[in-house]
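Biologist: Hi! Could you walk me through this structure, one topic at a time?
Modeller: Happy to, let's have a look together.

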Amino acid sequence: MSISSHSNFCGNVRRREFLTTVGGGFTHLALCGLLAKDGFLGTQAAAAATPAPPVPALPGKAKSVIFLFMYGGPSHIDTFDYKPAMLGMDGKTIKVQTKGRGGSKNEGRIVEPKWKFKQYGQCGKWVSDLFPNVAQCVDDLAFIHSMTAESPIHGSAMLKMNTGSIISGKPSLGSWINYGMGSLNHNLPGYVVMLDKTGGPISGAKNWSSGFMPATYQGTVFRPNGAPILDLSPREGISDGEQRLLLNSLNELNQSHLSTRSDNTNLAARIESYELAYRMQAAAPQAIDLTTESAETRALYGMDQPRTEDFGRKCLLARRLVESGVRFIQVYSGGAHNDDNWDAHGDLVKNHEFHAGNTDKPVAGLLKDLKQRGLLDETLVVWGGEFGRQPTAEYAAGTGRDHNSAGFTMWMAGGGIKGGVSYGETDELGNRAVANRCEVKDLHATILQLLGVNPNQLSFFYGGLDQKLVGVEGAEPIHAIMA
């Protein structure tokens with residue numbers, strides 16, 4: 001069996017995925033021997049670090065994605081999903097089916113929306129007083145009011161939103177995008193994650209892992225405090241030539257070690273990371289240097305105020321990374337546990353005023369800045385959490401809401417999105433999606449389609465299957481919100 005006949009069998013599967021899948025079985029020992037004679041095994045390290053788009057590109061409008069992840073689950077009925085029928089119902093116990101952290105319930109005490117709503121923009125979108133700055137951008141936003149999640153538990157719901165599966169070990173959205181599209185800038189990571197200063201989300205690095213893909217596709221985490229990347233400057237007294245010689249020597253040793261361990265993509269990724277770090281010394285300092293931004297721009301993001309400085313700095317850095325060719329940037333609002341994120345089980349007003357107040361101006365600043373620079377048309381911005389919150393109180397007293405995976409709101413802007421529209425509906429209480437119900441895979445399909453990648457053809461051969469972000473059954477983009 002030659003390499004050419006083998007490629008006919010594998011279709012668009014690259015050689016390293018095939019070997020990773022079949023190399024361990026007795027029935028494939030003869031095949032592996034033939035592949036070794038053809039020089040196949042010696043190419044694995046290079047292949048593990050080389051993007052190769054597996055499907056033909058579609059005409060996409062977006063080049064990059066900025067995903068603003070509101071970890072913990074913001075309440076849709078207190079932010080963007082206006083429910084006037086709830087006014088006057090506060091404290092009333094009604095029959096309603098809910099399912100959240102506290103399990104399934106058949107009745108609950110209504111907690112009516114705690115903020116007033118007003119209409120904004122030419123589209124007349126109702127937005128609560130929690131987001132007065134984002135409200136000014138509604139004509140550029142497409143709201144999805146009928147999102148659903150597979151799980152009402154943080155860890156699995158976050159994995160679903162980030163990887164398309166509630167099961168650990170799957171590649172994240174950013175990994176799929178970089179695998180399918182390749183890098184725009186060889187000198188910077190293609191996938192960057194910026195965490196909240198209070199810490200990472202509950203399920204940790206699984207949310208930006210490359211899963212069964214080569215480790216080169218995983219997200220690069222920027223530090224939440226201080227310099228985003230440490231040790232970018234070469235050590236004092238070492239010239240560029242000396243550093244290059246040192247890396248070449250190190251690579252020779254690593255490649256020799258890898259030659260007998262060709263299926264170790266973590267090792268191949270480590271080798272590539274040394275090279276990327278070397279290249280970043282020239283490109284990254286300029287990309288992350290916010291001191292070159294004007295005082296007016298910094299103020300637009302809220303960096304002139306202590307409360308909004310942190311998230312504003314991350315949003316401004318996201319814009320600069322997009323300008324520098326980074327494909328996928330994810331920025332987290334909220335970290336750790338309880339009220340360090342949007343998980344409002346106790347005092348809803350205290351929790352949401354804190355997190356909305358930290359993020360409203362920076363998010364609006366990002367949208368306005370991208371637009372005035374002509375970048376919004378090619379940058380897709382996504383806002384939302386892993387689920388929403390229930391219309392009823394979680395406890396006998398207080399305003400806290402439990403998790404709601406049956407219906408919640410996300411919005412998208414730029415990159416081929418039709419602004420000033422709302423899609424889908426929840427019932428009059430915001431308890432569950434009742435019209436144009438959307439699943440996470442539909443959101444993912446929309447993102448991929450806008451980037452010019454066919455969501456139902458983007459696949460990676462693993463475990464005997466053509467694995468897909470949208471699942472083996474596929475998904476349709478949400479065409480109603482696409483321009």
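Biologist: Let's begin with R373. Which residue does R373 form a salt bridge with?
Modeller: R373 pairs with D369, and their closest N and O atoms are 2.7 Å apart. A salt bridge here is a side-chain nitrogen of Lys or Arg within 4 Å of a carboxyl oxygen of Asp or Glu. Before we go on: this is a predicted model, where local features need pLDDT of at least 70 and side-chain atom pairs count only at pLDDT 80 or more, while totals for chains, interfaces and linings use all residues. Residues are numbered from 1 along each chain as its sequence is written, and side-chain values use heavy atoms, with hydrogens and water left out.

Biologist: Thanks! Is D369 buried or exposed?
Modeller: D369 is buried, at 0% relative accessibility, whereas R373 is partly exposed at 37%. Buried means under 20% relative accessible area, exposed means over 50%, and partly exposed is in between (1.4 Å probe, protein chains only).

Biologist: Which residues are linked with them in a network of salt bridges?
Modeller: The network links E293, R319, R320, E323, D369 and R373.

Biologist: And how many salt bridges does the count come to?
Modeller: The count is 21 salt bridges. One of them joins E394 and R101, at 3.1 Å from N to O. E394 sits in the loop between β11 (388-393) and β12 (401-404) and R101 in the loop between β2 and β3, so this pair ties together parts that are 293 residues apart in sequence. Those strands are DSSP runs (E, at least two residues), numbered from the N terminus.

Biologist: What about D90, which residue is its salt-bridge partner?
Modeller: That is K114, with the closest N and O atoms 3.5 Å apart. D90 lies in the loop between β1 (64-70) and β2 (93-100) and K114 in the loop between β3 (103-109) and β4 (117-120), so parts 24 residues apart in sequence are tied together. D90 is partly exposed at 42% relative accessible area, and K114 is partly exposed at 31%.

Biologist: New topic: H145. Where does H145 lie?
Modeller: H145 is in strand β6, which covers residues 141-147. H145 is buried, with a relative accessible area of 5%.

Biologist: Which side chains does the side chain of H145 make polar contacts with?
Modeller: K125, at 2.5 Å, and T409, at 2.9 Å. A polar contact is a pair of N or O atoms within 3.5 Å; within protein, one must be able to donate a hydrogen and the other to accept it, and residues adjacent in sequence count only if both atoms are side-chain atoms.

Biologist: Now the nonpolar core. Which residues in the largest one touch the most other members?
Modeller: Of its 54 residues, they are L68, F131, M194, I329, L367 and W411. Apart from it lies another core of 48 residues, among them M213, Y332, I417 and I481. A nonpolar core is a set of buried Ala, Val, Leu, Ile, Met, Phe, Trp, Tyr and Cys residues joined through side-chain atoms within 4.5 Å.

Biologist: Last one: how many disulfides are there?
Modeller: Zero, counting a disulfide as a pair of cysteine sulfur atoms within 2.5 Å. As for cysteines, C123 is partly exposed at 32% relative accessibility, while C438 is buried at 3%.

Technical notes. Helix = DSSP H or I, 4+ residues; strand = E, 2+ residues; numbered from the N terminus.
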